[in-house]
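Trainee: I have a protein model open and want to learn how to read it. Where do we start?

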Amino acid sequence: MYKVLIVDDEVMIRNGLYNMIPWKKLEIGDVRTASCAQEALELARETKPDIVLTDICMPEMDGLEMTRLMLEFLPDLKVLVLTGYDDFKYAQKSCYLGVKEFILKPVDEVSLANSIKLQVENIKNELQSSLKCNILNRKRVLENQRAFEKSLMQLTEKANETEEMDIDDLVLEENCRYQVGLISPVLSGDSVWVQHKNLLLISIKTILIDMIDSNNSGWTFQNRDGDIVVIFYIKNSDDSAEDQISRLQEIVNVEYDVDLETGIGPIVANISKIKTSYKKAKENVKANKAEFNLQEDSLGIEGSRQKDKLSYYRNQMLESIPDTEAVKKYLKLYIDEVKNSGMKKVNAEQKFYELASAFYWEYLKTTGYQADGRLETLITTLRSNDLENCCVFIEMFIAKLMYTNKKQMHEIVEAATKYIKENLTEDLTVFTLAEQFHVARNYFSRLFKKEMGEGCNEYITRLRIEKAKQLLGASRLRTYEIAEKVGYHDTNYFSLAFKKNTGLSPKEFREKLNNPE
């Protein structure tokens, strides 16, 4: 359904146009009216109409000047001018501005309806043309991307034919060295991703493109086997493919609960040597996989089950933050599993250290603190104590982080509620607030609900509706003005939210305040 705005300083004409046109038959679902150009401009910014019907001669600002200003922020707007003046200059200026039709009053109902119908058809046709154009552009982009990836595959996989390639077409960074990384997800038989491996690969590839390609730090593509390949630009001694892949592993493990098989080739000096780095990366993937399988064989079937249990308890702990009791529950299960497994002490130390590292990473991420030496201290402590004491120390290590984190959590929520109250007119969402306070979105959402007893979005809506109630009772502001003052840019959405929370529309609420029974 489309939107129409009627602009005329004469109330009879406004109401006549509003009432005589069969709007729904013309696929018009929202019709607004304005008595002057200034009011019309405000409504246009707020509601973004598709079609405007306007008079020319109005006080303060005429309809043609208003049209010029509207077209600056609504360039696709269809304007129909209705005027009682058969003046060539007006018609000429209307054409210059791009007015779609110049209609003389008195207006014939059928003719006007046909004019509006024609503009609706024009809008549909333009949308269809735009869609076709976007599809064609997208096809071209995909074709270019495929051609580029094909060239990258040739560069990395051709053994002796690089000389025949037109390397200039690749547009790789020149004043640097290169290093190739090969990445593939490791999926167990019961993984939810087994049936959706392509989707997982696309997701991992997208993460890498955001990390690497968009920062001009290299190129990401898939080889013929479907593995993800990254050509890293090594511009200085601080650049490291290992660091980037390690960061990717952390993200993929948290977001998708998946481990990665990786292989990294040596740093090479020029483009023509990239295939050497790629070949070594593939060999390293195979070597790492063989080592992993050997470890799995030594553990046996029971060891694999145990590993799955420990991974489950660890993930449940991390997902339960900031629920202290849930974290304690899964920590106890984790410790008991290690104690009762019969594993060697050196393996128990490794399991405790893995848990502490994961928890410590989450702690740093949520608090924003810098890493200190406490993990190194924990290693020394674990190595110098027996298993029973190791269990005590790992519990103390995590409890201390939880206590510090709990204090930080309270401070984050306190700061967030203060920020919300001071910025109600802004675009406030869980996502924008999580960014504001540098914490993960899901974490912030859980944290806010635990501390406040209601969801963040519910809290924001409640404050906005309370402020709107105050303004409806204490001011003569119009509904759309109040909506803007409490952070709603769509008056209809504000009215729906208000009615949902109060049982009354803003107008009904104001009338009830002014006329109590």
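Mentor: Start with one term. A contact means heavy atoms within 4.5 Å. Keep in mind that this model is predicted. Among contacts in the protein chain between residues at least 6 apart in sequence, 64% join residues at least 24 apart.

Trainee: How many helices and strands does the protein chain have?

Mentor: The secondary structure comes to 18 helices and nine strands. Of the 517 residues in the protein chain, buried ones make up 42%.

Trainee: How do I read a pair of aromatic rings?

Mentor: Two values describe such a pair: the distance of the centres and the angle of the planes. Here the count comes to eight aromatic pairs. Take Tyr178 and Tyr233, which form one that is edge-to-face. Their centres are 6.1 Å apart, with 75° between the planes.

Trainee: Where in the chain do Tyr178 and Tyr233 lie?

Mentor: Tyr178 is in strand E6 (residues 177-186), and Tyr233 is in strand E8 (residues 228-234).

Trainee: Are Tyr178 and Tyr233 buried or exposed?

Mentor: Both are buried.

Trainee: Which residues do ring pairs link into a cluster?

Mentor: Tyr488, Phe494, Phe498 and Phe509.

Trainee: How do I read two packed helices?

Mentor: Use the angle between their axes and the distance between the axes. Helix H17 (residues 491-502) and helix H18 (residues 506-514) pack at about 55°, with axes 9 Å apart. That angle makes H17 oblique to H18.

Trainee: Which residues make the contact of H17 with H18?

Mentor: H17 gives Phe494, Ser495, Phe498 and Lys499. H18 gives Pro506, Glu508 and Phe509. By type, they divide into four nonpolar, one polar and two charged.

Trainee: What should I look for in the backbone angle phi?

Mentor: Most residues other than glycine have a negative phi. Glu27 is not a glycine, yet has a positive phi of about 70°. Its place is in the loop between helix H1 (11-20) and strand E2 (28-34). Glu27 is partly exposed, with a relative accessible area of 31%.

Trainee: Where does Asn216 lie, and what is its phi near?

Mentor: Asn216 lies in the loop between helix H6 (197-211) and strand E7 (218-222). Its phi is near 50°, a positive value. At 39% relative accessibility, Asn216 counts as partly exposed.

Technical notes
Residues are numbered from 1 along each chain as its sequence is written. This is a predicted model: local features need pLDDT of at least 70, side-chain atom pairs count only at pLDDT 80 or more; totals for chains, interfaces and linings use all residues. Side-chain values use heavy atoms; hydrogens and water are left out. Rings of Phe, Tyr and Trp (its six-membered ring) pair if their centres lie within 6.5 Å; planes under 30 degrees apart count as stacked, over 60 as edge-to-face and the rest as tilted. Helices (H or I, at least four residues) and strands (E, at least two) are DSSP runs, numbered from the N terminus. Buried means under 20% relative accessible area, exposed over 50%, partly exposed in between (1.4 Å probe, protein chains only). Axes are lines fitted to C-alpha atoms, for helices over the stretch in contact, and angles run from 0 to 180 degrees between N-to-C directions. Angles under 35 degrees count as roughly parallel, over 145 as roughly antiparallel, 65 to 115 as roughly perpendicular and the rest as oblique. Ala, Val, Leu, Ile, Met, Phe, Trp, Tyr, Cys and Pro count as nonpolar, Asp, Glu, Lys and Arg as charged, and the others, Gly among them, as polar.
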